[in-house]
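Trainee: Can you take me through this one? I'd like to start with the overall layout and then go into single residues.

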Number of protein chains: 2
Amino acid sequence: MGIVIRPDSVPRHTLTNIMETKCFTLNHVHKDMVKKAHQTAARYPESVSEFEAVGLTPLFSRTMMAPYVAESMIQVGLEWRETLDIKSNNTKMVVGEVVEVILAANYIANDGFIDLQKAGSLTVAGLDAYHTTSKLFRLSYAKPDTPAK
Amino acid sequence: MGIVIRPDSVPRHTLTNIMETKCFTLNHVHKDMVKKAHQTAARYPESVSEFEAVGLTPLFSRTMMAPYVAESMIQVGLEWRETLDIKSNNTKMVVGEVVEVILAANYIANDGFIDLQKAGSLTVAGLDAYHTTSKLFRLSYAKPDTPAK
């Protein structure tokens with residue numbers, strides 16, 4: 001998985017933190033915590049804990065140096081693998097390998113599918129519009145000689 | 001915007017096509033066309049038109065060499081800018097610059113926000129799970145001294 005980080009016109013603590021610990025976490029956001037999660041985008045000074053400032057709780061597992069967000073229902077722990085420079089718009093893509101996923105067992109279907117709707121995970125459009133989701137269906141692996149189903 | 005293309009264990013016509021025309025289109029998918037759109041992922045031979053095979057309609061604008069999907073409600077035209085090798089998993093990220101967006105005027109709010117829910121755009125989880133969305137709210141630009149609202 002990867003995240004894209006905007007140009008260094010201002011100090012970007014996210015990338016500094018990742019390069020110090022060589023790991024990071026991605027935490028799904030649900031509606032009871034979305035305002036706090038959104039607020040972490042504010043440019044706090046490096047000396048300020050974003051967790052404290054916005055009222056979220058850091059959670060450490062046995063294996064990850066980087067904290068998870070305790071309020072999140074699906075927590076993904078990643079080890080840093082590479083950082084790519086996207087020259088077109090002067091951003092960087094940070095790629096990590098998933099090494100740990102923490103979630104309730106009842107979000108996982110028999111075939112390993114993770115039900116994001118059941119977990120209440122939101123999706124964001126642009127920078128600011130948060131949406132809930134409703135599953136229409138899952139479609140089978142597409143093959144040339146078989147119609148979609 | 002960018003798209004990630006999987007390893008070249010089989011021929012990937014998408015990348016070949018992009019490098020020939022130096023442009024590509026991204027077309028939002030809504031529920032009345034999602035099965036056809038999903039079916040385009042099947043490995044058709046290069047001689048087969050995916051449009052014909054799945055029953056979608058190519059649409060050409062005055063400016064783009066690559067076809068749009070006529071059935072799509074939001075059509076984005078991009079010029080190729082760069083291709084990045086993601087070594088960690090042997091994929092490629094193809095980055096394009098948006099040069100044209102075709103959509104109905106009533107999907108655009110006064111501030112330029114595009115209402116994806118109104119357009120019926122679906123979101124996909126993993127490779128196969130399609131979801132509709134319901135907007136919760138839009139939040140203001142986050143600032144350290146102001147609570148999220």
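This is a predicted model: local features need pLDDT of at least 70, side-chain atom pairs count only at pLDDT 80 or more; totals for chains, interfaces and linings use all residues.

Trainee: What does the C-alpha trace of chain A span along its principal axes?

Mentor: About 55 × 35 × 35 Å. Chain A has 149 residues, and 34% of them are buried. If you take contacts in chain A between residues at least 6 apart in sequence, 53% join residues at least 24 apart.

Trainee: On to the two copies. What rotation superposes chain A on chain B?

Mentor: A rotation of 180 degrees, with 0.0 Å of shift along its axis and an RMSD of 0.0 Å. The two copies are therefore related as by a two-fold rotation axis.

Trainee: Which residue of chain A comes closest to the rotation axis?

Mentor: Thr133(A), whose C-alpha is 2.2 Å from the axis.

Trainee: And through what surface do the copies meet?

Mentor: The same surface, because 100% of the interface residues of chain A are also interface residues in chain B.

Trainee: What about cysteines? How many disulfides does the structure hold?

Mentor: The count over all chains is 0. As for Cys23, the copy in chain A has 6% relative accessibility, so Cys23(A) counts as buried. Cys23(B) is at 7% and also counts as buried.

Trainee: What does Ala66(A) touch?

Mentor: Leaving out residues up to four places away in sequence, Ala66(A) touches Cys23(A), Phe24(A), Thr25(A) and Phe60(A). Ala66(A) sits in the loop between strand E3 (58-59) and strand E4 (68-69) of chain A.

Trainee: Is Ala66(A) buried or exposed?

Mentor: Buried: its relative accessible area is 9%, and the cut-off for buried is under 20%. Lys35(A) is 31 residues from Ala66(A) along the chain, with 22 Å between their C-alpha atoms.

Trainee: Now the other end. Where is Asp145(A)?

Mentor: Asp145(A) is in the segment after strand E8 (129-138) of chain A. Asp145(A) is exposed, with a relative accessible area of 69%. Between Asp145(A) and Asp8(A) there are 49 Å from C-alpha to C-alpha, and the two are 137 residues apart in sequence.

Trainee: Last topic, backbone angles. Which residue has a positive phi although it is not a glycine?

Mentor: Lys22(B) is one of them, with a phi of about 60 degrees. Lys22(B) lies in the loop between helix H1 (13-21) and strand E2 (23-27) of chain B. With a relative accessible area of 40%, Lys22(B) is partly exposed.

Trainee: And what is the phi of Asn90(B)?

Mentor: Asn90(B), not a glycine either, has a positive phi of about 60 degrees. Asn90(B) is in the loop between strand E5 (74-86) and E6 of chain B. At 53% relative accessible area, Asn90(B) is exposed.

Key. Residues are numbered from 1 along each chain as its sequence is written. Chains are lettered from A and ligands numbered from 1 in the order in which they are written. Side-chain values use heavy atoms; hydrogens and water are left out. Copies are superposed by least squares on the C-alpha atoms of residues with pLDDT of at least 70 in both. Contact means heavy atoms within 4.5 Å. A disulfide is a pair of cysteine sulfur atoms within 2.5 Å. Buried means under 20% relative accessible area, exposed over 50%, partly exposed in between (1.4 Å probe, protein chains only). Helices (H or I, at least four residues) and strands (E, at least two) are DSSP runs, numbered from the N terminus.
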